[in-house]
Amino acid sequence: MSFILHGIGVSGGIAIGHAHLTAAATLEVMHYLIPKNQINKEIKRLDQAFATVRAEFEALQSSVTNGPALAEFSAFLELHHMILDDPTLAEAARGIIAQTQCNAEWALTQQKDALLAQFEAIDDAYLRERKTDVEQVVKRILKALLGYPGYHPPPSKHLGDHILVAHDLSPADIMQYKPHQFIAFLTDMGSLTSHTAIVARSLNIPSVVALHHAHQLILEGDSLIVDGNLGVIIVNPDKYVLDEYRLRQSQLELEKQKLKRLKNVKAVTLDGTGIDLLANIELPGDLEQVKENGATGIGLFRSEFLFLNRDDLPGEEEQFEAYRAVATEMNGKPVTIRTFDLGADKNLKHTTQITANPALGLRAIRLSLSEPQMFHTQLRAILRASLYGQIKILIPMLSNVTEVFQTLLLIDRAKQALHNDGIDFDEHIQIGGMIEVPAAALSLEAFLQKLDFLSIGTNDLIQYTLAVDRVDDTVAYLYDPFHPAVLWLISRVIQMANRLKKPVSICGEMAGDIQFTRLLLGIGLTQFSMYPAQILVVKNEILKSNLPDITPLAHKIIRTIHPEKMHDLLAKLNS
Ligand code: PEP
Ligand code: MG
């Protein structure tokens with residue numbers, strides 16, 4: 001049966017392919033008691049889940065038949081098999097169901113917690129580390145109990161046209177899927193500026209989020225059309241709709257090809273003002289796209305992605321190599337490395353501390369200052385890499401100028417440590433701050449005195465100004481970049497920085513959205529940093545813009561507090 005689903009398109013383009021369903025990023029385990037006469041049935045349900053996972057392991061084993069990772073992968077599977085078959089897991093969980101009449105999921109998590117507590121007490125570091133494996137196996141069994149689709153290798157008859165359908169994907173999950181070459185991503189959860197959406201955009205494939213029930217309604221192997229521009233999914237389309245979309249797809253491809261001609265054209269407005277078009281990246285692997293789209297540098301390297309999906313922390317050497325690789329590849333063009341913005345929706349793998357308001361908690365620079373050793377390691381790595389190109393340091397989520405003082409002190413300490421070790425670095429490395437908290441925008445003078453440059457993180461600035469969680473799609477309708485308070489704050493920061501001749505860029509999603517290009521140019525922005533695939537689209541817009549024409553109108557828009565009037569003026573500006 002054909003049907004249509006509506007969500008939020010977070011990465012444009014059209015994909016036509018087949019659904020591949022995956023499990024959710026987080027699991028919610030219900031706790032309830034079962035009647036005495038249902039105990040055997042509940043135990044059977046548990047046994048069935050173990051059997052499902054056993055079958056999944058077998059499918060996994062046979063899906064990987066060669067390659068350098070085979071030995072390691074087999075050892076890993078063997079270990080997980082052993083954990084699965086260990087009586088301390090299944091038998092104990094069965095016992096808990098029989099004795100306390102709790103449901104299978106609850107029994108299993110109780111037994112997992114008991115096992116993990118035993119692991120904690122082990123002296124041997126290697127064995128202690130195995131608790132992660134226990135957690136992973138239990139998660140798989142829970143997924144089987146909760147009815148999530150497990151691992152099954154994508155059906156080979158649709159090879160190369162898989163569309164990943166998930167209930168929710170964390171930014172870390174989506175990074176893991178990066179090498180799998182899906183042609184589109186769909187999720188029930190999510191919002192336009194969540195980090196999951198940002199990573200999906202960096203993959204440059206159509207993505208639609210906030211679909212609510214897609215994961216339940218779409219079946220494995222369903223034929224799908226994903227319209228990432230409109231946020232529409234057509235499930236099992238008929239031949240006519242398919243033909244129509246294939247035509248649209250080739251038109252879009254043609255437009256993309258045409259834009260490629262602009263790759264080496266300088267981004268200059270009609271009146272001759274040069275504009276910097278920089279790229280946002282997550283990992284060194286994104287550089288290919290950066291070059292393909294002719295970016296004039298890296299405006300935002302989200303270094304925290306080096307810390308995700310792993311049990312340990314990246315050491316100084318590993319980080320140094322990553323930063324050096326980017327600096328070397330960019331060949332003298334600026335590379336702005338944001339110090340790790342962990343916390344909120346990007347957590348280290350074993351983070352257990354869940355606070356009520358993570359976006360307002362120990363995130364970004366707050367976390368760095370509370371973990372000075374981890375921060376020191378990163379600062380040393382960045383400083384060392386600074387010899388290989390034009391590296392700059394960017395501090396995320398500043399809210400209080402004291403954080404700038406503390407960070408500068410720690411940078412001086414890292415510099416001193418390198419001096420003591422006889423290691424060279426760029427003594428004059430520039431240090432900038434992200435303006436993404438209204439308090440920083442409103443007390444900007446103090447920040448400007450201490451920093452070499454600013455970068456406005458509009459994704460967070462909107463979230464914090466409007467008190468709207470950027471990852472919560474139930475309040476997505478309130479997440480409004482056009483809100484007069486947001487526009488006023490942005491223009492204040494740009495104008496003040498320009499007045500004091502301190503470089504200022506925007507690295508939030510607004511920089512890559514052509515609805516805002518002229519408005520931002522008109523209020524004095526000359527540095528835009530965005531996901532690489534959008535650079536040529538924005539360049540095209542810049543080449544058609546004339547600052548003397550747009551500046552008065554842009555300022556009028558900033559002063560307008562009536563939404564309707566503002567949208568009318570914006571339409572005029574963009575016409
Ligand atoms: C922002 O907040 O606008 C930004 C660029 O940082 P991130 O999206 O990584 O929070
Ligand atoms: Mg931010």
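Which residues are linked in a network of salt bridges? They are Glu 304, Arg 338, Asp 341, Lys 346, Arg 363, Asp 460 and Arg 470, a salt bridge being a side-chain nitrogen of Lys or Arg within 4 Å of a carboxyl oxygen of Asp or Glu. This is a predicted model, in which local features need pLDDT of at least 70 and side-chain atom pairs count only at pLDDT 80 or more, while totals for chains, interfaces and linings use all residues. Residues are numbered from 1 along each chain as its sequence is written, chains are lettered from A and ligands numbered from 1 in the order in which they are written, and side-chain values use heavy atoms, with hydrogens and water left out.

Asp 460 also turns up at the metal. Together with Glu 436 (OE), Asp 460 (OD) coordinates the magnesium ion (ligand 2) at 2.0 to 2.2 Å; donors are N, O and S atoms within 2.8 Å of the metal (3.2 Å for Na, K and Ca), and water is not among the atoms, so sites may look incomplete. Glu 436 sits in the loop between strand E13 (430-435) and helix H16 (438-442), and Asp 460 in helix H18 (residues 458-466), 24 residues apart. Helices (H or I, at least four residues) and strands (E, at least two) are DSSP runs, numbered from the N terminus.

Arg 302 pairs with Glu 282, the closest N and O atoms being 3.3 Å apart. Here strand E10 (residues 298-302) is tied to the loop between strand E9 (276-281) and helix H11 (287-292), and both partners are buried.

Helix H14 (residues 372-385) takes part through Arg 384, whose salt bridge with Glu 317 reaches helix H12 (residues 316-330), 67 residues apart. Glu 317 is partly exposed at 44% relative accessibility, whereas Arg 384 is buried at 13%. Arg 380, also in helix H14, bridges to Asp 421 with a closest N and O distance of 3.0 Å. Arg 380 is buried, with a relative accessible area of 11%, while Asp 421 is partly exposed at 46%.

Finally, helix H8 (residues 195-203) is mostly covered, with nine of its nine residues buried. Just after H8, Asn 204 takes a positive phi of about 65°.

Definitions and conventions: Buried < 20%, exposed > 50% of the residue type's maximum accessible area, 1.4 Å probe, protein only.
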